[in-house]
Amino acid sequence: MTGKKVAIIGAGAVGAAAAYSLAFTGTCHRILLYDIFPEVAIGKAIDIAQSTNYSPRGTVVEAAVKPEDIKDCDVVVITAGVPRKKDMTRADLLNINAGIVKEVTGHIKKYSPNAIILCVSNPLDVMTYVVHKVTGWDKNRIIGMGGALDASRMAYQIRRKTGFGAAQIKPMVLGDHGENMIPYPDITNVGGVPLDQIVSKEDMQDIIAKTKDGGAEIVKYLKTSAFFAPGRAISIMVEAILSDEEKVIPSCAMLDGEYGHSDVTVGVPCVIGANGIEKVIELDLDDETKAKFAKSVESIKENIAILTDSGFFDS
Ligand code: APR
């Protein structure tokens, strides 16, 4: 027994925050940070490693300098990518990040063939689809992290609105991790109390709007995207896998008929455990939410089609 090993590919802001959060949970024994720029992975790994004498179980944090250093990991997190620059279209960004995700997924397939992959790179739902197609692995082994973050952002908005219930909020967010995300307050509760019994209809709408704007609000202040909340959301998902928690977490999953859709990766409530996605939970959606969900699926499929039409999946 060598202990659990997790690799994080992409030692940028999100990758480092995930490693830091994970180092302080004590769930995994070893964390490897890999980046196309080895000095970034080395520097951040040293910094985090120098904090772990104060971690619960002295998690070992190291840089993986070469792709082959990510050998035999239990979980591999993909946070590699480039941010959108001023002169880039969405399609440009899609193609660039898809290329990066394809490349690093090739490394994972070769060196950690038994891993569960947690994809975080954006646009999340499409990148998760890329990982599925590049690996060809069983669909339970590939999960996208979007809903865990969006739900945490929704909980933040609910807490601000109610003024109580921190860490007791059970939010639900469906759909893509983007413009068509569906925060679903109707089935959300605070300590078991249905949300619609403690906030007004208008407040519910405000919670939905602010949740959807959660990432953009931070960019407005920082001029860069968020990393602490994404890092923590990654870490709880990795913990759920490593400890076989069978925890219900909204996650990006490959659908095969669930919710009436197939061959598309989209956010739905999933049971996360040792095998990755242990189960996709099918909610009985009301008509309005069903229509929103279909719109969200359509937007993801449009982006997948951009890649398909460019021949991305041919080689
Ligand atoms: N292989 C490995 N690492 C790579 C590659 C590659 N081919 N290409 C880029 N990277 C690395 C970059 O060098 C950088 O260190 O990925 C890292 C990305 O980090 P940041 O630019 O800081 O971006 P971050 O904010 O961490 O977001 C990473 O997660 O939430 C998503 O939208 C976000 O897609 C983005 C990703």
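**Salt bridges, cysteines and surface patches**

Q: What makes D69 and K66 a salt bridge?
A: The closest N and O atoms of D69 and K66 are 3.6 Å apart in this predicted model. The cut-off is 4 Å between a side-chain nitrogen of Lys or Arg and a carboxyl oxygen of Asp or Glu. The value is within it, so D69 and K66 form a salt bridge. The structure holds nine salt bridges.

Q: Why can such side chains pair?
A: Side chains of opposite charge can do so when their charged atoms come close.

Q: Why is D69 called partly exposed?
A: Its relative accessibility is 27%. Partly exposed lies between buried, under 20%, and exposed, over 50%. D69 therefore counts as partly exposed. K66 has a relative accessible area of 40%, so K66 is partly exposed too.

Q: How do you know that D203 forms a salt bridge with K161?
A: The closest N and O atoms of D203 and K161 are 3.8 Å apart. That is within 4 Å, so the pair qualifies.

Q: What makes this a pair that links distant parts of the chain?
A: D203 sits in helix α6 (residues 201–212). K161 sits in helix α5 (residues 147–162).

Q: What makes D206 and K161 a salt bridge?
A: Their side chains meet at 2.5 Å, N to O. The limit is 4 Å, so this pair counts.

Q: Which residues are linked with K161 in a network of salt bridges?
A: The network links K161 with D203, D206 and K210. Accessibility is 30% for K161, 25% for D203 and 24% for D206. Each value falls between 20% and 50%, so K161, D203 and D206 are partly exposed.

Q: How do you know that C28 is in no disulfide?
A: The structure holds zero disulfides. For C28, the nearest cysteine sulfur is that of C73, 9.7 Å away. A disulfide needs the sulfur atoms within 2.5 Å, so C28 has no partner. C119 is in no disulfide either: the nearest cysteine sulfur, that of C252, is 7.8 Å away.

Q: Why is C119 called buried?
A: Its relative accessible area is 0%. Buried means under 20%, so C119 qualifies. C28, at 3%, is therefore buried as well.

Q: What makes the nonpolar surface patch of about 380 Å²?
A: Y20, F24 and Y54 make it. Y54 is placed in the loop between α2 (38–49) and β3 (60–64).

Q: Why is Y54 called exposed?
A: Y54 has a relative accessible area of 71%. Exposed means over 50%, so Y54 is exposed.

Q: Which residues form the negative surface patch?
A: D186, D196, D284, D286 and D287 form it. D286 lies in the loop between β14 (276–280) and α9 (287–309).

Q: Why does D286 count as partly exposed?
A: Its relative accessibility is 32%. That falls between 20% and 50%, so D286 counts as partly exposed. Patch residues need over 30%, so D286 clears that cut-off as well.

Key
Residues numbered from 1 in each chain as written. Predicted model: local features only at pLDDT ≥ 70, side-chain atom pairs only at ≥ 80, totals over all residues. Heavy atoms only, no water. Buried < 20%, exposed > 50% of the residue type's maximum accessible area, 1.4 Å probe, protein only. Patch = residues over 30% accessible without salt bridge, like charges linked within 9 Å, V, L, I, M, F, W, Y side chains within 5 Å. Areas by Shrake-Rupley, 256 points an atom, 1.4 Å probe, with all protein chains shown as cover. Lys, Arg positive; Asp, Glu negative; His and termini not counted. Charge placed at Lys NZ, Arg CZ, Asp CG, Glu CD. Helix = DSSP H or I, 4+ residues; strand = E, 2+ residues; numbered from the N terminus.
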